[in-house]
Amino acid sequence: MIASTAFSVVFLLVIVTKTSSMDLATTKKVLAKPLYDAPRVDNQNSVPKLTVSIYYGSLCSDSVDLFKNQIGPNLAKFQKYVNFDFLPFGKSDKKLFEGRWFFKCQKGLTECMKNKWQACSIHVLPSKLQLLANYLVCYMSSKVETHSGYQCTRNMGLYDDYYGKIKKCFMNRELSDSLMVQYSNRTQTVLPQSAQIPSIVINGVYNEMEQDEAKNNLRNVICKYIHPKPVGLC
């Protein structure tokens, strides 16, 4: 009982966000919405698109390196062949206390806030034409710790249309918490407990043998799954 109470207190101290009311019907609608609305477009050579899921934490140095050195350089090259699917939960925990969710992140409160901001960005931004993926690469590569979302929407010309919507989602605790719970559930369902962060999953299947290669040469791993091989890429 003492351990349980202490754990609850820790979670109460971890997340402090403003919240707005949201009725039950709206909550159910949010939970039913797909986390990643993969664009359906015609592919060169009629190659079926791969889904490359990235399980990561906002302040994990290996996750930052993956975005900067692997995802960013390969976005434009593989946009006809790959849908990137992003899950910003990392090595975090969640606990339900008196009807509210509380999150404890490996890198502390700031990482929880940045994970939640990215969850809302994924919820708000359209994924077509790699817009969402490019925004997240900008966010993860930014050296500005507390205003990355503002900076990237400004730099990418997204501020007027999307910044306010992302912020509204972030400040709505019930909505943003529900998104984080979904990412938590997906992370715990797909990744084994021994998996490291970041982890890369192809078409919903975790392959431990590919993790090191994917983090250092994502292009090669993607090419293994594309048939026929696109000329000039693989």
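The model I am reading is a predicted one, and in it I found that the largest pocket holds about 290 Å³ of space.

I then looked up the lining of the largest pocket, which consists of 15 residues, with Trp 117, Tyr 139, Thr 146, His 147 and Phe 170 lying nearest the centre. I noted that this lining divides into seven nonpolar, five polar and three charged residues, and that helix 4, helix 6 and helix 7 each supply at least two of its residues.

I found Cys 120 and Cys 169 bonded with their sulfur atoms 2.2 Å apart, in a left-handed link with -75° about the S-S bond. Cys 120 lies in helix 4 and Cys 169 in helix 7, so this pair ties together parts that are 49 residues apart in sequence.

For the disulfide of Cys 138 and Cys 152, at 2.2 Å from S to S, I noted a torsion of about -95°, so this one is left-handed. Cys 138 lies in helix 5 and Cys 152 in helix 6, so parts 14 residues apart in sequence are tied together.

Last, I checked Gln 211 in helix 9, which counts as buried because its relative accessibility is 5%, where the cut-off is under 20%.

Methods:
Residues numbered from 1 in each chain as written. Predicted model: local features only at pLDDT ≥ 70, side-chain atom pairs only at ≥ 80, totals over all residues. Heavy atoms only, no water. 1 Å grid on protein atoms, 1.4 Å probe; cavity = no way out; pocket = protein on both sides within 12 Å on 5 of 7 lines; lining within 4 Å. Points joined across faces, edges and corners; volume = space filled by probe spheres on them. Helix = DSSP H or I, 4+ residues; strand = E, 2+ residues; numbered from the N terminus. Nonpolar A, V, L, I, M, F, W, Y, C, P; charged D, E, K, R; others polar. Buried < 20%, exposed > 50% of the residue type's maximum accessible area, 1.4 Å probe, protein only. Disulfide = S-S within 2.5 Å.
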